[in-house]
Amino acid sequence: MTIQTLIGIDVAKHELVVYRQDLEIQEALENRKPIIKQWLRGLPPHCAIAVEATGTYHVALIELAYQYGHEIFVIDGYQLNHYRQGIGGRAKTDSSDARLLARYLSREREMLRAWTPPPAAYRSLQSLLRRRATLVQARVAIQQSCTELPWLASHLKRLVAQLARIDQVIQARLRVIVREAGLHHQVARCQAVEGVGELTATALVMAFLRGDFRHSDAFVAFLGLDVRVRDSGKQRGRRKLTKKGDPEVRRLLHNAAMAASRQPTWKEMYQRYRSRGLKTTQALVILARKLARIAFSLMKHQTEYRPPSLMKA
């Protein structure tokens with residue numbers, strides 16, 4: 001029986017710290033494609049490699065490792081940090097994190113899902129949606145910081161108008177990607193749901209592309225809209241969202257829930273939650289989760305949306 005080689009890799013912008021568990025050796029590599037390729041060629045076949053998610057610095061590594069036939073596991077940093085605390089780890093260095101990743105993979109392998117490359121459309125849509133989010137945040141910050149400076153008003157107006165034009169260009173490009181990928185029917189299905197606009201529909205379709213979700217619970221968890229429960233004995237801990245998914249998709253869904261709460265279809269349900277004593281944000285999260293589940297069902301079963309009132313008729 002061949003034992004699979006387990007490797008943990010701590011990723012930084014310029015360096016990879018690698019720990020190979022079977023040989024108990026550690027080395028540092030430059031985070032450059034030629035160096036990574038050379039290192040991958042020297043590995044045994046079909047290694048299992050655990051890498052902590054680091055924005056974009058780990059992308060080249062996992063893509064190349066996948067091409068070389070290795071099994072890749074991308075570990076959430078929040079999850080890894082709690083694992084470190086759970087085993088009594090005190091140090092957090094590049095070296096200790098590489099070892100921790102290898103240990104985490106060896107002990108928790110059955111609970112992990114191997115990484116696979118996302119579709120090209122997913123990457124393109126995600127990249128543009130994130131850049132648009134940065135643009136919107138910058139525009140709001142500039143407007144808020146300059147409102148009390150009337151002598152800047154004319155300049156600010158021109159700047160905001162230019163940012164709005166850039167926003168429109170990005171949205172136009174999103175439509176092109178959707179159309180070229182043959183996803184326009186899926187976007188239309190989601191957009192038919194009250195409160196869900198074109199951007200939110202595009203974000204939901206993008207998220208749906210990322211995995212073969214067996215049910216809506218898995219989709220909701222991928223979006224980070226599932227709830228973390230911490231109860232002990234008779235003590236009921238505070239419920240919080242896991243927020244593991246893409247923050248921009250959650251932001252768009254929150255905006256969609258706000259719009260839906262004013263629509264006749266969802267207004268009564270929203271008010272019912274508010275009358276139970278839930279805060280506005282809590283009620284909107286429930287509504288956002290409901291919208292996500294409906295969108296998932298529409299995309300999963302390739303069906304058209306029917307408002308709840310029509311379903312009862």
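Modeller: Strand β1 (residues 6-11) pairs with β2 in the antiparallel sense over 5 bridges. Strands count as paired if DSSP finds at least two bridges between them. Helices (H or I, at least four residues) and strands (E, at least two) are DSSP runs, numbered from the N terminus.

Biologist: Before going on, what kind of model is this, and how are residues numbered?

Modeller: This is a predicted model, in which local features need pLDDT of at least 70 and side-chain atom pairs count only at pLDDT 80 or more, while totals for chains, interfaces and linings use all residues. Residues are numbered from 1 along each chain as its sequence is written, and side-chain values use heavy atoms, with hydrogens and water left out.

Biologist: Back to the strands. How many residues lie between β1 and β2 in their hairpin?

Modeller: There are 3 residues between β1 and β2 in that hairpin. Within the pairing, Gly8 stands opposite Tyr19 in β2.

Biologist: And which strand pairs with β2 over 6 bridges?

Modeller: That is strand β3 (residues 25-30), again in the antiparallel sense. Ile25 in β3 is the bridge partner of Arg20. The hairpin of β2 and β3 has 4 residues between the strands, and Glu24 there takes a positive phi near 55°.

Biologist: Why is β2 largely enclosed by the rest of the structure?

Modeller: Strand β2 (residues 15-20) is largely enclosed because 5 of its 6 residues are buried. Buried means under 20% relative accessible area, exposed over 50%, and partly exposed in between (1.4 Å probe, protein chains only).

Biologist: What about the whole chain: how many helices and strands?

Modeller: The protein chain has 13 helices and 9 strands. Of its 313 residues, 41% count as buried. The C-alpha trace spans about 65 × 55 × 40 Å along its principal axes. Among contacts with a separation of 6 or more, 61% come from residues 24 or more positions apart; contact means heavy atoms within 4.5 Å.

Biologist: New topic. How much space lies in the largest pocket?

Modeller: The largest pocket holds about 2,000 Å³ of space. Of its 47 lining residues, the closest to the centre are Val74, Trp115, Arg210, Phe222 and Lys244. On a 1 Å grid over the protein atoms alone, a pocket is an open set of points where a 1.4 Å probe fits, with protein on both sides within 12 Å along at least five of seven lines; lining residues have an atom within 4 Å of a point. Grid points are joined across faces, edges and corners, and the volume is the space filled by probe spheres set on the points.

Biologist: Which element gives the largest share of that lining?

Modeller: Helix α5 does, with 6 residues. By type, the lining divides into 21 nonpolar, 11 polar and 15 charged residues. Here Ala, Val, Leu, Ile, Met, Phe, Trp, Tyr, Cys and Pro count as nonpolar, Asp, Glu, Lys and Arg as charged, and the others, Gly among them, as polar.

Biologist: How many aromatic pairs does the structure hold?

Modeller: There are 7. In one of them, the rings of Phe208 and Phe219 have centres 6.3 Å apart and planes at 70°, so the pair is edge-to-face. Rings of Phe, Tyr and Trp (its six-membered ring) pair if their centres lie within 6.5 Å; planes under 30 degrees apart count as stacked, over 60 as edge-to-face and the rest as tilted.

Biologist: Where do Phe208 and Phe219 lie?

Modeller: Phe208 lies in helix α8 and Phe219 in helix α9, so the pair ties together parts 11 residues apart in sequence. Phe208 is buried at 18% relative accessible area, and Phe219 is buried at 0%. The rings of Phe213 and Phe222 have centres 5.2 Å apart and planes at 55°, so that pair is tilted. Phe213 is buried at 6%, whereas Phe222 is partly exposed at 29%. Ring pairs link Phe208, Phe213, Phe219, Phe222 and Phe296 into a cluster.

Biologist: Which residues does Gln186 touch?

Modeller: Not counting residues up to four places away in sequence, Gln186 touches Val205, Phe208, Leu298, Met299 and Gln302. Gln186 is found in helix α7 (residues 184-191) and is buried, with a relative accessible area of 11%.

Biologist: And where is Gln302?

Modeller: Gln302 is in the loop between α12 (280-301) and α13 (308-312). It has a positive phi of about 55° although it is not a glycine, and it is partly exposed at 44%.
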